[in-house]
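Please look over the sequence and the fold shown here. The report that follows takes up a few local features in turn.

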Amino acid sequence: MPDVMSQQEDEKRLIQRAYRQLLRTIKNPDEQDSVNIRNAYELAVKAHSEQRRKSGEPYILHPIEVARICAEELGLGPTAVVCALLHDVVEDTNVTLTELENTFGERITRIVDGLTKLDSSYNAESPQAENFKKVLSTLVEDVRVVLIKMADRLHNMRTLGSMPRHKQLKIAAETSYIYAPLAHRLGLYAVKTEFQDLCMKITDPEPYFEIAKKLQETKKERERYINEFIKPVSKQLDDFNIPYEIFGRPKSIYSIWNKIKTKQVPFEEIYDLFAVRIILDVEKSREKSICWQVYSVVTDVYKPIPERLKDWVTTPKSNGYESLHTTVIGPGGQFVEVQIRTVRMNEIAERGFAAHWKYKGLSDGPDVYEVWLDGVRDLLDNSNSDALEFLSDFKTNLFNEEVYVYTPKGDMKMLPKGATALDFAFSIHTDIGYHCTAVKVNNRQVPLGYKLKNGDQISVQTSKNQKPNESWLKLVVTGKARSKVRSAMKEERRRQGILGKEALERKFRNMKVDFDFSVEALVKHYNYASHVDLYYDLATDEVQIGDLLKPFQASNNRLVLIPPKKEEDPPQEEKPPSDRAARKRQKAHKPKLLVGGEPADNYSYSFASCCNPVQGDSIFAFLTMNSGLKIHRSNCPNATHLMANYGYRIMKAEWGGTTNTTFVADLKITGIDAGPGMIQRLSHEISTNLGLNIRAFNIGGDAGYFEGRISLLVQNTDQLNQVIRTLKNLDNVSTVSRID
Ligand code: MN
């Protein structure tokens, strides 16, 4: 069949073209590198030959593109290119790690292993968290793992269009929950910005495309302004005899959107849609003085706003960022941010960690990434097996900025921002933490939960009689301290629980039932998280053995449930009648909803109160532990967390047609206070003119300004948008927005 033949030929050419393009991005590989790259390419082509991406393209284009991103966009070397080409072969094909090791050696194999997801049969509460923990434990050995992972994620995000909507949402959630902050922490600014924009495009497409369109429309005008701004500055910079670049850079769509939301102003009123950047090509020793000379030139031409001066040249940010920022008043009185930096600083600002190697040894002071990696190592060493807990510790500890404090001897210690006096004690030594009784900061006694500030000098008092208690969990934030307190509490419960266990042993011996089997039956029946918890409750008289055993009887050496008598009501009818009636009422008016393509009535479901979805909103379903399915809005504030950690419990949900059901929607309204008539005018508009029911109405404000919250019942998003438009057009109303 000639058609199939020619299609195969076309694809072959496509693959070869992509590969040649990749080769062009690799700078001076040595002979061994070239052989490895060729071998990796050939092996990957063969291994993936039967696979296609969701878009229908040959799968191999994905690893080739990931390799290109590594080389061209992240500036990584040949080893990373080889690993990127191989990153999916172990996971998706029958190539084994042993085969890789024979061809490519141990180092490359270890990196590929780090990039391979855990076996899907691996049983875990959150497979996503487990996989992330795995990536991080390899990261501390070889940072390239995480950089290649970023490139992989970037390509997947760029090509998400062919995925079904619920998958897109899940991947976007994971990206904004973990990968974007990680990119930020590693100083991969360009990657972070692109992640944020791509996520927004999926979760909030309407504002995304609106801002993109407006940016496009105002482009010419902006370019004209930037040229006018740059001209007099360039003139002076030319006299310096230093190679430089000066240009305007648009801000990201996501950051513009954030401004619109936080400042509650329309696009047209946002002045910093762009920043002007000056990049200077000078040697390391003159960097600081040249940056300041250029600052002086800029501020000779334009008047600066002193509060906006930020000097990250003298003290870099903790993620390595270096730059000198100022905001000046440009032509026409417009505020313009100017960023002054050198070529080296620019590369670090754009590529962070990835550029770090190139300049290693050039900067003085502690290596910011080494300090951070030590933190990751510490957390991995100290975390228990629960990956979800690890992930949350990781987020609080390692994505945050740090505080620097001192021991009585003047040694500096770095802790995450928000860390407490008790965290400090644990950071010195576990035993000092365990036995900590009091803490002095700058010679004054403070509570154990005192939040550390930069420059604090801290001394800890201990007593051997002191030991951790439950309330300490609220006083510590660092992963190390938390896991130490948790394990101390566990040990304490286990110790106290021995009495409970002994009581059960006696009882079961009398009943002549097998101990292990019977305990298991109790733990299961009463939903205990562990045996220890059951013993502990018994030991502390929280529950009585007699009560626990009431529904059970002994049979064949085993503890079994007494079967329910036929005449009695079935147990599920235990709900109070009012609740049942309410549910019945609701059922009669249930909206048409499809979950996973089936009518939602096949499941027990309800609408999440955190985001109150309205018919027409983009939604998804989440399978909860105890209360069936919950329907959330795709942009619900909790969605990111749910999808990133429990992606496997997310189901696709969609509206299956219109009904007369009403939904709760909450609006926030702000405006100029026009006296007591405002409430009446608003409610008149809503109930009389639009004919809608108001459930709740709160209004407040002072000094000529008001802010109100209205809870309404609407049938769908069209109706809701109509309300928003109508209210916006009222006199004295400035903003109307739905509460997320
Ligand atoms: Mn991949």
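## Aromatic cluster

In this predicted model, Y605, F607, W655 and F663 are linked into a cluster by ring pairs. The structure holds 14 aromatic pairs. One of them joins F607 and F663: the pair is edge-to-face because the ring planes stand at 90°, with the centres 5.6 Å apart. The cut-off behind that label is an angle of over 60 degrees between the planes.

F607 has a relative accessible area of 23% and is partly exposed, while F663, at 4%, is buried. Buried here means under 20%, so the value of 23% puts F607 in the partly exposed class.

## Charges over rings

Two side chains place a charged end over an aromatic ring. The charged end of K261 sits over the ring of W257, at 3.7 Å from the ring centre. The charged end of R493 sits over the ring of Y536, and here the distance to the centre is 4.0 Å.

## Manganese site

Which protein atoms are the donors of the manganese ion? They are NE2 of H62, NE2 of H87, OD of D88 and OD of D152, at 2.2 to 2.5 Å from the ion. Along the sequence, the donor residues follow the spacing H-x24-H-D-x63-D.

Within this site, H62 and D88 link distant parts of the chain, 26 residues apart. H62 is in helix α3 (residues 61–73), whereas D88 is in the loop between α4 (78–86) and α5 (89–92). H62 counts as buried at 2% relative accessibility, and D88 counts as buried at 6%.

## Helix α13

Helix α13 covers residues 219–238, which is 20 residues. At 1.5 Å a residue the helix should span 28 Å, and its end C-alpha atoms lie 27 Å apart, so the two values agree. The helix has a kink of about 35° at K231, shortly before the proline P232.

The buried residues of α13 are R222, Y225, I226, F229, I230, V233, S234 and L237. Among the elements that cover these buried residues are the helices α12 (205–217) and α15 (287–301). Strands also take part in the cover, including β1 (244–250), β2 (274–280), β5 (324–329) and β6 (335–342).

Notes
Residues numbered from 1 in each chain as written. Predicted model: local features only at pLDDT ≥ 70, side-chain atom pairs only at ≥ 80, totals over all residues. Heavy atoms only, no water. Phe/Tyr/Trp six-rings, centres within 6.5 Å; stacked < 30°, edge-to-face > 60°. Buried < 20%, exposed > 50% of the residue type's maximum accessible area, 1.4 Å probe, protein only. Lys NZ or Arg CZ within 6 Å of the ring centre and 35° of its normal. Donors = N, O, S within 2.8 Å, 3.2 Å for Na, K, Ca; no water. Helix = DSSP H or I, 4+ residues; strand = E, 2+ residues; numbered from the N terminus. Expected span 1.5 Å × (residues − 1). Bend = angle between axes of the 7 residues up to and from the residue. Contact = heavy atoms within 4.5 Å.
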